[in-house]
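Dear colleague,

I am handing over a structure for your attention. Please find the sequence and the model below, followed by a short account of what was found.

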Amino acid sequence: MEKLIDGIYFFANLMSSQYLIEDCEGLTLIDTGILGNDRVILNGISSLGYSISALKRILITHADGDHYGALHRLQAQTSAQTWTSAPEADAIRNGKVSRELMPDTLLKKVAVYALSPAMRSSPAVVDRILAPGEQLPVLDGMIVIDSSGHTPGHLSFYLSEKRILFSGDSIFRKNGKFIPSYGINCWDEALAIKSMETQLMLGPQIICGGHNIFRLES
């Protein structure tokens with residue numbers, strides 16, 4: 001676990017990144033990582049001097065196994081509530097993804113098959129359905145952003161005062177330019193483009209993505 005800024009930490013591994021936020025109310029986790037990553041999360045919480053009871057909520061950006069695979073084990077060990085959108089909640093409650101991957105070539109089919117063991121997930125509880133525009137009780141106000149496209153109900157979370165955007169898999173960067181989700185794992189590419197553009201218009205200074213962190217110039 002590494003510190004992003006005071007009060008915000010991140011876990012980075014080969015599959016995805018997770019973010020831990022502390023405030024006077026306790027801890028909030030954004031995404032859980034793959035199956036087995038619960039140990040990493042709980043060790044990180046302990047390293048900050050907290051007990052596991054300090055974890056109050058888990059926000060899930062979308063229902064892919066590398067983003068909620070460890071959720072059911074975290075729920076078994078903590079009393080944290082899980083919040084996400086309705087489409088992603090339906091998938092999580094069934095231990096599935098919220099859209100099927102449709103590889104159109106043999107190479108892509110092999111890639112999907114090879115990654116499938118690491119993307120496993122089990123059914124988990126969702127306690128609250130989030131709607132775009134809601135303000136969450138995290139660091140004096142975290143805004144829920146509709147960033148659908150990668151998946152039907154993909155969510156991002158924005159701390160407007162700190163100008164930090166937690167974008168899940170809705171924003172990537174290639175050759176120095178931001179790009180949206182695309183290809184076989186993208187549910188709706190046109191919607192993904194719109195979601196990326198909408199988020200960039202918010203003017204974030206730090207984009208905490210599901211796989212990378214991007215720092216923008218002021």
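In what follows, two residues are in contact when heavy atoms of theirs lie within 4.5 Å. Please bear in mind that this is a predicted model.

Is S167 buried or exposed? Its relative accessibility is 0%, and S167 therefore counts as buried, the cut-off for that class being under 20%. Leaving aside residues up to four places away in sequence, S167 touches H154, S156, Q199, I207, C208 and G209.

Turning to the protein as a whole, its secondary structure consists of 6 helices and 15 strands. Among contacts with a separation of 6 or more, 63% join residues 24 or more positions apart. Of the 218 residues, 48% count as buried.

As to overall dimensions, the C-alpha atoms occupy a box of roughly 50 × 40 × 30 Å along the principal axes. The radius of gyration is 16 Å; this agrees with a compact globule, because one of 218 residues would have a value near 17 Å.

Finally, the surface and the charges. The protein exposes about 10,300 Å², of which carbon and sulfur atoms supply 54%. There are 19 positive and 23 negative charges, and their mean positions are 4 Å apart.

Yours sincerely

Key. Residues numbered from 1 in each chain as written. Predicted model: local features only at pLDDT ≥ 70, side-chain atom pairs only at ≥ 80, totals over all residues. Heavy atoms only, no water. Helix = DSSP H or I, 4+ residues; strand = E, 2+ residues; numbered from the N terminus. Rg over C-alpha atoms; globule rule 2.2 N^0.38 Å. Buried < 20%, exposed > 50% of the residue type's maximum accessible area, 1.4 Å probe, protein only. Areas by Shrake-Rupley, 256 points an atom, 1.4 Å probe, with all protein chains shown as cover. Lys, Arg positive; Asp, Glu negative; His and termini not counted. Charge placed at Lys NZ, Arg CZ, Asp CG, Glu CD.
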